[in-house]
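This briefing concerns the packing of a single model and is arranged by topic. Please consult the sequence and the structure shown below while reading the points that follow.

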Amino acid sequence: MDSKKIRKTLARFFAWLGLTLCSLIIKIIPQRYIYGFAKHIAYLSYIIAKKQRKIALESLTIAFGQEKSKQEIEKIVRDCFSFMAKAGVEFFFLMDRPCLLMERVKMVGKDNLDNALSKGCGVILVSAHFGNFPLLMARLALAGYRIVGIMRLMRDTRMEKFFMRKRAKFKIKTIYNQPRVACVNSTIEALRNNELVFIPIDQNFGTGGIFVDFFGRKAATATGPIVFAQRTKAIVLPCFIIRQKDDCHKIIFEPPLDLVEGKNSQETVVINIQRLTNIIESYIRRYPAEWGWIHRRWKSKPS
């Protein structure tokens, strides 16, 4: 085993150890102390995670370098670490307390969701790794909606099993994005069963997607939501979860996206994925600290 693999193995082990310790601590501390605990985690993460901090600074400079000062960008990075720590602590705390989760996560624009479901063709919830999005899916499941999340398989099997158990507890189904054929078939089946399918399209999609504008730079983006809508007539509904000042959350369901038809199927996909990406960018601009800047969104380049 080379040194790089050893470092990755150790990093995953310590990540798993940290996850386990945090989950145990959160089981025993009173509710009034959880955000204080999150503050300490955020501080330590900001100091220790030098690579992620560097990526966040680079990503924010790409997005806001012409609009914000260096000090403003550095503040967003610190706030981003703070929000991620809060989200992690809330995940452990609220997922074990469904009644409290229902109380602390409210829904706005629910009529948009119910009207979309009434069509009977399924609903594609298009979102991003924005806010505490696992709580979004859990809250919908608690409200009685049948929800499926399309996700990437985590590299660490221990981590994957941990989060799978949490999702299964809420009857949130998981569809992995690989293998591709199985993902497509399972997603179409869920939509034809008139279920909700949650698809975040804000991460780098490599060579399998299309390049659209995101903060003024081309970004490789998944096409799934529009392709599935074309095949099943499912309704495409953008939705986001936003943290409030009191650390409660608000889920916003936007009006459904009426597909704009292009000259052909491919052009239709490009046009509408760009429109969805514009909506995601608008939310990130309003709440920049709520997005995961530690991801290399512009890693892939157009040929």
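The crossing of helices α2 and α4 is right-handed. The model under discussion is predicted.

**Helices α2 and α4**

- Helix α2 spans residues 34-48 and helix α4 spans residues 70-94. Their axes lie 8 Å apart, and the packing angle is about 135°.
- Angles over 145 degrees would count as roughly antiparallel and those from 65 to 115 as roughly perpendicular; α2 and α4 are therefore oblique to each other.
- On the α2 side, the contact is formed by I34, Y35, F37, A38, I41, A42, S45 and Y46. These meet V77, R78, F81, S82, A85, K86, V89, E90 and F93 of α4.
- Sorted by class, the contact of α2 with α4 comprises 12 nonpolar, two polar and three charged residues.

**Helices α10 and α11**

- Helix α10 (residues 224-232) packs against α11 at an angle of about 130°, with the two axes 9 Å apart.
- The pair α10 and α11 is therefore oblique, and the crossing of these two helices is right-handed.
- P225, I226, V227 and Q230 of α10 make the contact with S265, T268, V269, N272, I273 and L276 of α11.
- By class, six nonpolar and four polar residues take part in the contact of α10 with α11, and no charged residues do.

**Nonpolar cores**

- In soluble globular proteins, nonpolar side chains tend to be buried together.
- The largest nonpolar core in this model holds 49 residues, of which I124 and W293 touch the most other members.
- Helix α11 (residues 265-286) gives the most to this core, contributing six residues.
- A second, separate core has 45 residues, among them A38, V89, L113 and A138. Of these, A38 also belongs to the α2 side of the contact with α4, and V89 to the α4 side.
- Neighbours within four places in sequence aside, I124 contacts L191, V197, I199, P225, F228, A229, A234, I235, V236 and L237. One of these partners, P225, also takes part in the contact of α10 with α11.

**An exposed cysteine**

- C99 is located in helix α5, which covers residues 98-104.
- The relative accessibility of C99 is 69%, so this residue counts as exposed, the cut-off being over 50%.
- C99 and L142 are separated by 43 residues in sequence, and their C-alpha atoms are 9.0 Å apart in space.

Conventions: Residues are numbered from 1 along each chain as its sequence is written. This is a predicted model: local features need pLDDT of at least 70, side-chain atom pairs count only at pLDDT 80 or more; totals for chains, interfaces and linings use all residues. Side-chain values use heavy atoms; hydrogens and water are left out. A nonpolar core is a set of buried Ala, Val, Leu, Ile, Met, Phe, Trp, Tyr and Cys residues joined through side-chain atoms within 4.5 Å. Buried means under 20% relative accessible area, exposed over 50%, partly exposed in between (1.4 Å probe, protein chains only). Helices (H or I, at least four residues) and strands (E, at least two) are DSSP runs, numbered from the N terminus. Contact means heavy atoms within 4.5 Å. Axes are lines fitted to C-alpha atoms, for helices over the stretch in contact, and angles run from 0 to 180 degrees between N-to-C directions. Angles under 35 degrees count as roughly parallel, over 145 as roughly antiparallel, 65 to 115 as roughly perpendicular and the rest as oblique. A crossing is left-handed if the near helix is turned anticlockwise from the far one by less than a right angle, and right-handed if clockwise. Ala, Val, Leu, Ile, Met, Phe, Trp, Tyr, Cys and Pro count as nonpolar, Asp, Glu, Lys and Arg as charged, and the others, Gly among them, as polar.
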